[in-house]
Amino acid sequence: MSLKKIVVLFSGEGTNLENIIKKLHKKSFGLDNYEIVAGITNKKEANGIQICKRYDIPFYIIEHKNYPSREEFDTKLVETINSLNPHLSVLAGFMRILTPIFTKNIKAINLHPSLLPLFRGKNAIEKSFHSDMKVGGVSVHYVSDELDGGEIILQECFKKEENETLQSFTKKVKSLEYKLLPQAIIKILGE
Ligand code: GRF
């Protein structure tokens with residue numbers, strides 16, 4: 001048995017964080033035991049902090065507004081992550097543009113609520129819903145220098161119904177996220 005350590009970065013609700021904890025934390029896959037060793041957030045009001053507390057996961061609040069530049073913020077993130085020595089960092093709703101200081105030093109994946117390379121950046125769910133595409137989707141990709149642009153690890157789509165509302169569309173995105181992100185983590189850590 002070997003221990004596979006995961007760090008999760010989040011900025012908001014943390015529903016994907018909770019999903020990963022429920023599905024992977026202290027569970028075995030193949031010959032490995034998975035552990036979420038810490039959560040990191042850039043927002044002290046992020047609900048994900050309550051989730052960390054509930055599941056007894058250590059967490060770090062590193063507020064970007066306390067750093068004069070993106071590079072200095074990223075340096076602190078990198079130091080914190082490296083001190084935890086994880087096998088993988090997972091961005092689950094972490095709303096910051098990262099500089100090469102982060103992307104060149106940390107092995108990380110990101111969850112994005114669209115079929116990349118379409119609808120990169122913010123408000124991807126709304127953009128994808130309002131587009132004339134007949135499908136929506138979710139992507140998990142490696143974090144690179146390019147925003148939402150790294151190599152795609154897993155990606156899946158679903159049908160946009162004629163009577164689809166933004167609410168029902170968002171629900172489909174979320175449930176696909178809850179399926180794909182744990183799968184992507186297991187895929188990478190199992191390699
Ligand atoms: C997800 O939709 C993810 O795709 C995007 O941010 C959202 C985070 O949601 N990057 P939650 O905080 O996990 O509920």
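1. Let me start inside the protein: Phe129 and Phe169 are both buried. Please keep in mind that this is a predicted model, which applies to every point below.

2. What kind of aromatic pair do Phe129 and Phe169 form? Searching the whole structure turns up four aromatic pairs. In the one formed by Phe129 and Phe169, the rings are tilted, with 5.4 Å centre to centre and 55° between the planes. Phe129 belongs to helix α5 (residues 124–130) and Phe169 to helix α6 (residues 166–189), so their pairing ties together parts that are 40 residues apart in sequence.

3. Phe158 joins Phe129 and Phe169 in a cluster linked by ring pairs.

4. Over the ring of Phe73 sits the charged end of Arg96, 5.7 Å from the ring centre.

5. Now to the ligand. Which residues are around the ligand? They are Glu13, Gly14, Thr15, Asn16, Gly93, Leu111, His112, Pro113, Lys174 and Glu177. Two of the names on this list, Lys174 and Glu177, have numbers that fall within the 166–189 range of helix α6, the helix that also holds Phe169.

6. From the side chain of Glu177, an N or O atom is 2.5 Å from a ligand oxygen atom. Lys174 places a polar side-chain atom 3.1 Å from an oxygen atom of the ligand. With Asn16 the backbone takes part: one of its N or O atoms lies 2.8 Å from a ligand oxygen atom. How much of the ligand's area does the protein bury? On its own the ligand exposes 370 Å², and the protein buries 86% of that.

7. Stepping back to the overall fold, the protein chain has six helices and eight strands. Read from the N terminus, these elements follow the order β-α-β-β-α-β-α-β-α-β-α-β-β-α. The chain's radius of gyration is 16 Å, close to the 16 Å the globule rule gives for 191 residues, so the protein chain is as compact as a globular protein of that length.

8. Two last values round out the picture. The C-alpha trace of the protein chain spans about 50 × 45 × 30 Å along its principal axes. Of the 191 residues in the chain, 48% are buried, and Phe129 and Phe169 from my opening point are among the buried residues.

Definitions and conventions. Residues numbered from 1 in each chain as written. Predicted model: local features only at pLDDT ≥ 70, side-chain atom pairs only at ≥ 80, totals over all residues. Heavy atoms only, no water. Phe/Tyr/Trp six-rings, centres within 6.5 Å; stacked < 30°, edge-to-face > 60°. Helix = DSSP H or I, 4+ residues; strand = E, 2+ residues; numbered from the N terminus. Buried < 20%, exposed > 50% of the residue type's maximum accessible area, 1.4 Å probe, protein only. Lys NZ or Arg CZ within 6 Å of the ring centre and 35° of its normal. Near = heavy atom within 4 Å. Polar contact = N/O pair within 3.5 Å; in protein donor to acceptor, adjacent residues only side chain to side chain. Areas by Shrake-Rupley, 256 points an atom, 1.4 Å probe, with all protein chains shown as cover. Rg over C-alpha atoms; globule rule 2.2 N^0.38 Å.
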